[in-house]
Amino acid sequence: MSLEVGSPVEGLAAALSDVPDPVFSQAMVGPGVAVRPSGGRSDAVAPIAGVVATVHPHAFVVAAPSGTAVLVHLGIDTVKLQGEGFELHVSKGDEVTAGQPVVSWDPSRVEAAGYSAVCPVVALDQAPEALADLREDGPVRVGDTLFAVEA
């Protein structure tokens, strides 16, 4: 059985190795796919259904009932923005459905502040071989499958 992980944002899918942060590019927290977001203010949505395990203005983790947890990081070094420009729609412990808005943000504003807006989407604590059907290039819409995690 596998869990499909959807894109939390619209943009261009890219290999995780292209992310300008070694924690993500070297898959230190787990394998996944990056998305270079397009456009201005939008919602970042839950990539899977589950429980919000962690939530910060710039990042969140959703844990599926199977135990698989997916991290979405909105930009690189965006923690330094201290939440400015991000609006949370959920709290830790909330149940969410795939595609449900979690955070509103503006990738253009992140870039204007001097940070990369690329969004790593990572299966936490998984081996690279646990992922299948990785989408690492081309346009993606919100909810399009980025990869599947074999359970």
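Select S104 and show its surroundings: beyond four places in sequence, S104 touches R41, S42, D43, G85, F86, E87 and H89. This is a predicted model. S104 lies in strand β10. Its relative accessibility is 7%, so S104 counts as buried, the limit being under 20%.

Next, display side chains around S104. Its side chain makes a polar contact with the side chain of D43 at 2.4 Å. Another polar contact, at 2.6 Å, joins the side chains of S104 and H89.

Now select F60, L74, W105 and F147. These have the most contacts inside the largest nonpolar core, which has 35 residues. Colour by element to see where this core comes from: β1 (2–6), β3 (32–37), β5 (50–56), β6 (59–63), β7 (69–73), β10 (101–105), β11 (119–123) and β14 (145–150) each give two or more residues to it. A second, separate core has 12 residues, including V19, F24, A59 and V122. In soluble globular proteins, nonpolar side chains tend to be buried together.

Centre on F147. Setting aside neighbours within four places in sequence, F147 is in contact with L3, E4, V5, G32, V33, V121, V122, A123, L131, A132, D133 and L134.

Switch to a cartoon view for the sheet. Eight strands form an open sheet with antiparallel pairing, in the order β9-β5-β6-β7-β11-β3-β2-β13. At its edges are β9 (95–96) and β13 (137–140), each pairing on one side only.

Finally, select β3 and β11, which pair in the antiparallel sense over 4 bridges. Which residue of β11 stands opposite A34? It is P120.

Notes: Residues numbered from 1 in each chain as written. Predicted model: local features only at pLDDT ≥ 70, side-chain atom pairs only at ≥ 80, totals over all residues. Heavy atoms only, no water. Core = buried A, V, L, I, M, F, W, Y, C linked by side-chain atoms within 4.5 Å. Buried < 20%, exposed > 50% of the residue type's maximum accessible area, 1.4 Å probe, protein only. Contact = heavy atoms within 4.5 Å. Pairing = 2+ DSSP bridges. Polar contact = N/O pair within 3.5 Å; in protein donor to acceptor, adjacent residues only side chain to side chain.
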